[in-house]
Amino acid sequence: MFLTLDDFEPAARRRLPRPLFGYVSGAAETNAARQDNRDALDAWRLVPNVLRGVEGRSTACTLLGESYAAPFGVAPMGLSALMARDGDVALARAAAAAGLPFVLSGSSLTRMEDVVTANPKAWFQAYLPGEEDRIRALIARVRTAGFGTLVLTADTAVVANRENNMRAGFSTPLRVRPRLIWDFAIKPRWVLGTFLPTLMRGMPHFENSDAVRGAPIISKQAARDFGRKDHLNWDHLALMRDLWPGKLVLKGVIAPADVAKARALGCDAVVLSNHGGRQLDHAISPLRILPEARAQAGDMGLLIDGGIRRGTDVIKALALGADMVLVGRPFLYAATLGGQPMAERAADILKTEVHRNLGLLGLRGLSEISPEILHPV
């Protein structure tokens with residue numbers, strides 16, 4: 001029975017091979033950054049008001065000129081099609097059906113052109129190297145595909161130390177070893193429902209890391225294709241702003257000074273994020289620094305991710321200054337278990353919680369959320 005977003009994780013653990021579940025669930029080194037995302041949310045309590053008349057309340061919101069049914073969206077997640085059958089398309093369609101934003105990962109295994117066909121309002125998130133020719137070529141492809149919003153992830157300059165992935169047997173490229181074969185073989189539902197149907201169409205490739213098709217997931221070239229990100233700098237973001245006519249979002253920002261730089265360079269929004277704790281261990285939770293970031297963002301869109309699991313989490317983030325939150329792992333777990341319908345179920349759970357909690361707080365809409373409803377522990 002799935003009653004909360006947290007219910008999808010243990011079920012996905014039972015369905016997925018150990019290396020794949022470890023890839024999705026794991027974080028960097030000691031998991032301190034991932035844990036701080038939850039600790040930061042748990043450090044606030046809510047102060048409800050009563051007798052406010054909350055009939056007809058709404059979770060609807062507007063971001064970057066688009067209207068959405070709720071103030072949360074599906075975060076970009078790489079390799080989704082290896083976890084769930086046609087995972088990228090399933091998540092894109094689920095988000096469209098639920099009236100939510102969806103962000104396609106640059107490390108996805110599904111062609112961006114196929115995903116934007118499934119969801120014409122999808123955003124594309126890029127992992128770009130600090131090489132101008134490759135930046136120009138990828139932006140041209142994204143534009144031709146028909147995306148209206150481009151997201152640059154900026155917190156992956158160096159490959160993270162994901163010890164948990166290695167202990168679980170996951171690597172990029174994926175190394176076919178006896179232990180991996182055994183881990184796959186003992187999960188027949190995943191093998192028959194996801195892996196074999198995917199292999200019947202050919203070995204999965206990283207489809208969107210560049211302007212042309214990337215390497216297969218078992219090729220050593222896969223790691224090299226994501227190289228030279230340590231050269232990426234603010235000049236490259238300025239170049240992207242010049243080249244990209246649509247909405248431009250910078251993801252992976254924490255420092256308020258970086259939020260100010262993004263605004264000065266003409267970004268339409270930023271996503272405060274420590275990459276779900278998957279990059280720098282002990283990186284501060286973006287929620288802890290959200291009010292300072294809001295002061296620097298001005299009228300620029302401000303999104304946040306990391307540890308959001310409940311409607312109360314969404315409301316806390318909005319009260320501290322976010323315009324929207326992104327949720328990753330739970331949606332992928334849901335798609336792993338039941339494709340688009342189960343992902344829609346996850347969206348409905350969170351949407352219902354936000355709607356219910358607005359009423360319990362004495363609020364009729366998102367515009368009434370303010371810091372006054374919060375009290376620190």
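Visitor: Which elements do the buried residues of helix α5 pack against?

Guide: This is a predicted model, in which local features need pLDDT of at least 70 and side-chain atom pairs count only at pLDDT 80 or more, while totals for chains, interfaces and linings use all residues. Residues are numbered from 1 along each chain as its sequence is written, and side-chain values use heavy atoms, with hydrogens and water left out. Helices (H or I, at least four residues) and strands (E, at least two) are DSSP runs numbered from the N terminus, and contact means heavy atoms within 4.5 Å. The buried residues of α5 pack against β4 (72-74), α4 (80-83), β5 (103-104), α6 (112-118) and α16.

Visitor: How many of the twelve residues of α5 are buried?

Guide: Buried means under 20% relative accessible area, exposed over 50%, and partly exposed in between (1.4 Å probe, protein chains only). Among the buried residues of α5 are V89, L91 and A98. Helix α5 is largely enclosed by the rest of the structure because the number of its twelve residues that are buried is nine.

Visitor: How far apart are the end C-alpha atoms of α5?

Guide: The expected span of a helix is 1.5 Å times one less than its number of residues. For the twelve residues of α5 (residues 87-98) that gives 16 Å, and the distance in the model agrees: 16 Å.

Visitor: Which residue just after α5 takes a positive phi?

Guide: Helix α5 covers residues 87-98. Just after α5, a positive phi of about 75 degrees is taken by G99.

Visitor: At what angle do the axes of α15 and α16 cross?

Guide: Two packed helices are described by the angle between their axes and the distance between the axes. Axes are lines fitted to C-alpha atoms, for helices over the stretch in contact, and angles run from 0 to 180 degrees between N-to-C directions. The axes of α15 (residues 311-319) and α16 (residues 329-361) come within 8 Å and cross at roughly 65 degrees.

Visitor: Which residues does P330 touch?

Guide: P330 has its place in helix α16. P330 is buried, with a relative accessible area of 2%. Not counting residues up to four places away in sequence, P330 touches L5, F8 and R309.

Visitor: What is the radius of gyration of the protein chain?

Guide: The radius of gyration is taken over C-alpha atoms, and the globule rule is 2.2 Å times the number of residues to the power 0.38. With 377 residues, a compact globule would have a value near 21 Å, and the protein chain agrees with 20 Å.
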